[in-house]
Amino acid sequence: MRERLGAARDEIRQRINLVELVSQHVALKKAGRQYKGLCPFHQEKTPSFHVDRERGLWYCFGCFPPGQLVKTPFGYHPIETLTDEHPIVSGQGNYQRVLATHARDYNGDLIEIVTRKIRRPVRLTADHEVFIVRPTARHETRFKYFARRFRAYLRRYEDDPGYYFRKIAKWLPIRKMEATELRVGDLLLYPINDRVSRVEQIDLEDYVSARGTRGKRPARLPVVPVSEDFLRLIGYFIAEGSTHRAYVRFSLGNHEEVFASEIIRLIKSLLGIRSGVHRRRSPSSGLEITACHAALANAFANLCGRGAEEKHIPFVFQELPPSQKRILVEAIARGDGTQSVANQSSHTRRSITTVSPVLAEQVVDFLLALGRFPSVQLREPRRDRQGVVHREAYTIQWSEDARARYDLVYRTDNGRRYWLLPIERLGKLRYRGPVYNLTVEKDHSYIVSHIAVANCGQGGDAFDFVMRTGNLSFPEALEQLAARTGVRLERSPEEGQDRSEREQMLRALDAAAAFYREQLAGDAGQVARAYLEQRGVDAQTRERFGLGAAPQAWDALLRHLRGRGYPVALLERAGLVQARSGGEGHFDFLRHRLIFPIQDLQDRTVAFGGRALDDATPKYLNSRESPAFNKGRMLYALNWAREAIREAGEVVIVEGYMDVVTCHQVGIRHAVASLGTALTPDHVLLLKRFAPRAVVVYDPDAAGMAASERGLHLFEEAELPVRVAALPQGRDPDSFLRQEGPEKFRTILATALSMFDYQVAQALSRHDPRTLEGKIAFVDELLPVLGSVANPVRQSEYLRALAERFKVSEDALRQRLVALRRSGRGAAKPPEPSAVQGTKRFRAERLLVHMMVQAPEARKVVRRDLSVEDFLDPLHRNLAQVLLDADAPAEALKDRLADQESVALLTRLLFEPLGVAEKDEEKVLLGNITTLRRVEVEERLRELRRRLAEAEAVGNEEEVANLQRAIWALRSQEPRPQEAPR
């Protein structure tokens, strides 16, 4: 069976045109050898989705702008400086490797998140996923109501952890959500580091990286026990210390003589170094303690950072026991801290101020480990009245005795703890430039600033695409693609009987659609047929849309489907039947109605709309939402209209089923409708994938006009140009087309008003700008609309036009608009990218694997000189194993990889340019083979020399002689480049 499916899968891959397949869901544009468009799996406004037609692969990712800090075991690093050799701290608090880094150009909105307590903004593209806790109880949108329930659960945790986990799973689950879906009040997750690693002693010589070549060589630095005194000295240095090429200096105030004496004592007792104190004279008065020792200065700089902006707690101390963490925090606070008592309070508040973002986050982590819940205030760079420039600074505040308001700790069943931080503010800002992301092993998450975010790097082939777009299992995707490409699948009877619930549901819905069509054609459909004739719907249109009729009987559909073997529970979940409220049994959900089947983009029936054929209410009724149907993400007739939308370069949005049916019948086949609900962001973003612009045609009654105005801001947010077509009063598209004809309707579409002109016209119908009160009301109605305009150029032009037309000061309009804006500061210029880090071995392995992926002919060269065991990195070894075992194109070998990380790396290497000129490929290939073999020899030599030193230390002459011979023999085997076989 496996061989049969594998052969069918390979044949489908050869036959399928991935660009054509993807184009049914995404508007693609040619970009070099690839195609790109808006990702169908994320809500985004700029293309992050790439398709490689030659290799049959697609790839997409959401990102962060440069400068966003990512947490690593060695402090926080800007995301653009990380490589796939860095370890990071995952969203679960584990140390994991970066498997791949991603970068792309971006032009659009960034979402800015600001949380309570820690107000350092986090900025990311709208499609990036964040881990949150959002209570499932609707009334708990405010923190205090949620906190009341959660604290009750926490009180039961120690005695009955099972109760706690059952409750949070039901009411307070962790969710993964795109940034654009976040709300103010959602709770973000800040992982608390509960790991404890004791450090008994520090050899300061290990941290000396440079020694002077002139003058007297300083004494060797000692091995220092990690005692209370040493931790205090480190804390004092972080707060008050600095380094010079030849000395360490502590700068104190004039009144801190006792503090100075303690520092001098600690340096002498711990390090054996004498230090002196100097009192500075005005204008810069104060005390200076200086310890002259070049190696000590170098060691302290490496331990704690060079300069105030790079200061940090030594990374080796990040997992000390809480008692030692407290000593460090107290020492830093003595130097850089303050204490105060607020008005009308008896509680003492403490604070530490620093210009180092890494130190600020470390202090927060230490305080959380100590059970304190600090707040962090970010102070912008500024120039004071004396002309002194102050850098960006962080103030960490906490209280030792007062209870923090936001002190909730979320526990998971794997032992992790998270501090819950409510979102205080969400904003948008425009950004144009590079953005970055990471793919992380195992946990598939990482920490940006102080929140846990999801891993990135979606990608795959035609099967992955169909499975994701259709929410299908692999067998379902295989069957669909086989039908598309004409590949015959061999199945056993047992396999044919094995169906998922979703597949059964879709079959039941198809059976229901067939039943309704039969009813429309029979005696039960007489009233429905008469209604369609009255509305001018011809037989061809009726057949194209699959229209049907629901009988007047209570359970006609139920009896029909149950007789075909569909269980009642499945029919209820599909929204076809409904349980009786007064007793046992079920009845048909839609009765005595004209039926409009609702189909998805794969032309599968997923739900039904029904128009009453009598006085029943509501007039139009949709199936309930189900695993197959979400009306907030579907548009009626989009599956039939998408090709016409691409041809017209525009989508027409009408209100009802009959409006769409009539539009298509008269040749306006780029029309769609929302399913009895107001337009949602998902609707607009779905349309943007197919159309560069939109025209909204709603009924001109009060409800229709209100719905139109409410939905227009969604188009602005998505930057999808929209116009509004105004029909005569009392007409809807269906009646207008039947009475006036399609040409007049096309004229109305062509003369549709822009969003701005339409909003002005609607405001004028409600207010008289010739009066003072009317002008104020008129402006106040329009400003919120203009505030939603994302494009600053368009917004500026709207403001100018409004000011000129109605004789209002443009400055006054801008001042009123400022209060409505929620954008943050402008994006800073990205720093220069850092040099690639890592070992020679890793770089050589990566380039060899990359070349084998891109050029199958390179494999025979690697196969001649190396083996799989020569690749030490696990991912490189996994790929090398598959590549060296076959000469097929790399994209056809994905199914042989056992883990998702290896698949992600293969997909990335297929898309990533090799960066080697074609004429140099052979030279680079042989050079890296030689490098890898030479590195192996160097590593073996290093191990032999270590053993030789041990043998010499104990006087084992025989072992010394054997090791010397082994070293000599190994040195003689120095690898040299070889020519490639011809």
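In this predicted model, C304 has a relative accessibility of 0% and therefore counts as buried, since the cut-off for that class is under 20% relative accessible area. C63 is likewise assigned to the buried class, because its relative accessible area is 0%. As for cysteine pairing, the count of disulfides comes to 0, the criterion being a pair of cysteine sulfur atoms within 2.5 Å.

The discussion now turns to helix packing. Two packed helices are described by the angle between their axes and the distance between the axes. Helix α19, which spans residues 657–665, packs with helix α22, residues 733–740, at an angle of about 35 degrees, and their axes lie 8 Å apart. On the α19 side, the contact involves M658, D659, T662 and C663, which meet P733, D734, L737 and R738 of α22. Sorted by class, the residues of this contact comprise 4 nonpolar, 1 polar and 3 charged.

Helix α22 also packs with helix α23, residues 742–750; here the angle is about 130 degrees and the axes are 7 Å apart. From α22, the residues P733, F736, L737 and E740 take part, and from α23 they are P742, K744, F745 and I748. This contact of α22 with α23 contains 6 nonpolar and 2 charged residues, with no polar ones.

Methods. Residues numbered from 1 in each chain as written. Predicted model: local features only at pLDDT ≥ 70, side-chain atom pairs only at ≥ 80, totals over all residues. Heavy atoms only, no water. Axes fitted to C-alpha atoms, helices over the stretch in contact; angles between N-to-C directions. Helix = DSSP H or I, 4+ residues; strand = E, 2+ residues; numbered from the N terminus. Contact = heavy atoms within 4.5 Å. Nonpolar A, V, L, I, M, F, W, Y, C, P; charged D, E, K, R; others polar. Buried < 20%, exposed > 50% of the residue type's maximum accessible area, 1.4 Å probe, protein only.
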